[in-house]
2 protein chains.
Amino acid sequence: MKFKIAIIGTGNVAWHLAPALEEAGHTITEVYGRSPKAVASITNRLYTADDKRDLDFSASKAEIFILAVSDDAIGYIADEVILPDESILVHTSGSVHLDVLGYSSASYTGIFYPLQTFSKDRNIAFEEVPFLLESEDQATLQKLKKLAKTLSHLQYTIKSKDRLALHVAAVFASNFSNHMLRLSEDIMARQGLEFEILKPLIIETISKSLELGARNAQTGPAVREDLNTLDLHHQFLNYNEQMAEIYRLISQDIIDCN
Amino acid sequence: MKFKIAIIGTGNVAWHLAPALEEAGHTITEVYGRSPKAVASITNRLYTADDKRDLDFSASKAEIFILAVSDDAIGYIADEVILPDESILVHTSGSVHLDVLGYSSASYTGIFYPLQTFSKDRNIAFEEVPFLLESEDQATLQKLKKLAKTLSHLQYTIKSKDRLALHVAAVFASNFSNHMLRLSEDIMARQGLEFEILKPLIIETISKSLELGARNAQTGPAVREDLNTLDLHHQFLNYNEQMAEIYRLISQDIIDCN
């Protein structure tokens with residue numbers, strides 16, 4: 001089943017999703033954004049899509065409208081956008097409730113949330129991206145499943161409440177893990193040491209964690225309650241109060257979790 | 001160059017290191033530990049090593065003595081152990097200064113620190129483990145390099161001060177990243193959701209971070225300063241005060257780092 005789809009937004013998700021949808025055989029009719037440059041940067045990656053600068057889509061041939069904008073803007077744009085009859089409006093956010101689309105001119109609404117981290121300078125293998133889908137209308141939900149299936153072999157139907165929990169869990173697993181690597185990079189750089197030295201450790205840590213479960217995989221001074229080492233590390237970090245506090249709080253939580 | 005080596009300690013490092021050293025052609029003469037069961041659990045993995053219950057190694061044929069015990073115990077055991085003439089005593093810790101071996105009966109001292117996370121129920125590919133080496137005696141350092149080379153293609157000579165910094169960085173990159181996955185597991189389990197859903201995200205996050213650098217790879221609500229979502233997530237975590245505080249502190253640090 002092939003769809004005509006309009007993309008509203010020009011961020012990282014739109015950047016990756018629009019060409020992937022085209023690649024899967026769908027037609028991207030328009031890409032909307034406030035910045036002509038940002039819109040062109042995406043339509044230049046597509047065969048047929050029109051650049052669109054206003055939110056009047058009444059003449060659009062699209063059936064599905066994908067809102068891929070920042071969480072804060074979803075409600076605002078949903079209220080403003082003018083859509084043709086029988087159109088489906090979905091957003092791609094992990095946190096925003098389906099209800100926020102309730103006042104839009106769409107006939108049907110839904111969620112089409114790709115659970116992945118998107119950066120412009122990194123390709124995404126969409127076949128492995130879980131799509132989390134929601135709609136109160138069964139026919140719409142079926143269409144979203146069919147659409148997701150053309151991109152990925154992983155689809156889940158999930159309620160807004162569970163999607164929020166899942167997004168919080170994803171922030172810990174992804175954004176916060178990445179920030180731990182960021183702080184590690186900073187410590188190494190400050191000391192003039194190559195971050196490269198740590199890569200085998202990081203790869204083994206994550207592989208082990210995914211295989212045994214993080215609870216069973218934990219090692220290090222906190223889980224051993226090696227208080228001398230914890231104290232030595234905390235002292236080492238006295239050049240940065242916030243990092244020292246992160247060290248203390250996470251170490252305490254590792255101790256308390258065991 | 002093949003060595004005769006005694007292992008002092010029966011933890012995760014000894015468990016993995018002793019068979020790997022034997023596999024590389026060295027002879028393990030003795031394994032020391034306080035618990036007969038723990039000692040046997042390691043010597044049963046070896047061809048020739050004797051079980052040892054006391055610290056009098058004066059009759060040992062070993063040339064290198066590897067102290068693989070908890071950080072807190074290193075100084076105590078180094079002071080107590082009786083070693084033959086011309087013996088080298090090394091410890092395997094990331095945090096403990098070389099000086100702590102200074103009062104031992106060893107002729108030479110050093111550090112032989114494998115930078116990896118060791119759990120008993122997970123095999124280690126030692127070829128990929130960076131060995132961080134230190135000694136004030138050049139001949140000893142050369143021997144430690146030769147020993148490390150028989151196990152791994154990664155060896156680094158590193159001063160105690162840098163080793164401490166590196167160990168703090170390793171705790172962030174490994175133990176703390178793993179704890180972020182642990183908290184993520186807990187959120188999913190509490191909601192009755194399969195952790196499996198998050199695995200593609202985690203694999204992509206770490207792959208991307210190692211390729212682009214964590215600073216460039218960051219995504220999510222904190223780096224976007226999406227305050228509504230941060231607030232929603234913080235509220236969601238109100239069932240666990242410590243987790244809510246971790247969420248707040250790390251999100252703040254992501255914002256401050258950018």
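**View 1. Contact between domain 1 and domain 2 of chain A.** In this predicted model, six residues of domain 2 of chain A are in contact with 14 residues of domain 1 of chain A. The domain assignment places domain 1 at residues 4–158 and domain 2 at residues 163–257. Taken over C-alpha atoms, the centres of domain 1 of chain A and domain 2 of chain A are 35 Å apart.

**View 2. Area buried between the two domains of chain A.** Domain 1 of chain A and domain 2 of chain A bury about 720 Å² between them. Carbon and sulfur atoms give 56% of this area. Within the area that domain 1 of chain A buries against domain 2 of chain A, 48% is supplied by A:Gly94, A:Ser95 and A:Ile158, more than by any other three residues.

View 3. One salt bridge is found across the interface of domain 1 of chain A and domain 2 of chain A. A salt bridge joins the side chains of A:Arg163 and A:Glu134, with a distance of 3.3 Å from N to O.

**View 4. The side of domain 1 of chain A that touches domain 2 of chain A.** Strand E6 (108–114) and strand E7 (131–134) of chain A are the elements that give two or more residues to this side of domain 1. By class, this side of domain 1 of chain A has seven nonpolar residues, six polar residues and one charged residue.

Definitions and conventions: Residues are numbered from 1 along each chain as its sequence is written. Chains are lettered from A and ligands numbered from 1 in the order in which they are written. This is a predicted model: local features need pLDDT of at least 70, side-chain atom pairs count only at pLDDT 80 or more; totals for chains, interfaces and linings use all residues. Side-chain values use heavy atoms; hydrogens and water are left out. Domain bounds come from an automatic or database domain assignment. Contact means heavy atoms within 4.5 Å. Buried area is the accessible area (1.4 Å probe) that two parts lose on being put together, summed over both. A salt bridge is a side-chain nitrogen of Lys or Arg within 4 Å of a carboxyl oxygen of Asp or Glu. Helices (H or I, at least four residues) and strands (E, at least two) are DSSP runs, numbered from the N terminus. Ala, Val, Leu, Ile, Met, Phe, Trp, Tyr, Cys and Pro count as nonpolar, Asp, Glu, Lys and Arg as charged, and the others, Gly among them, as polar.
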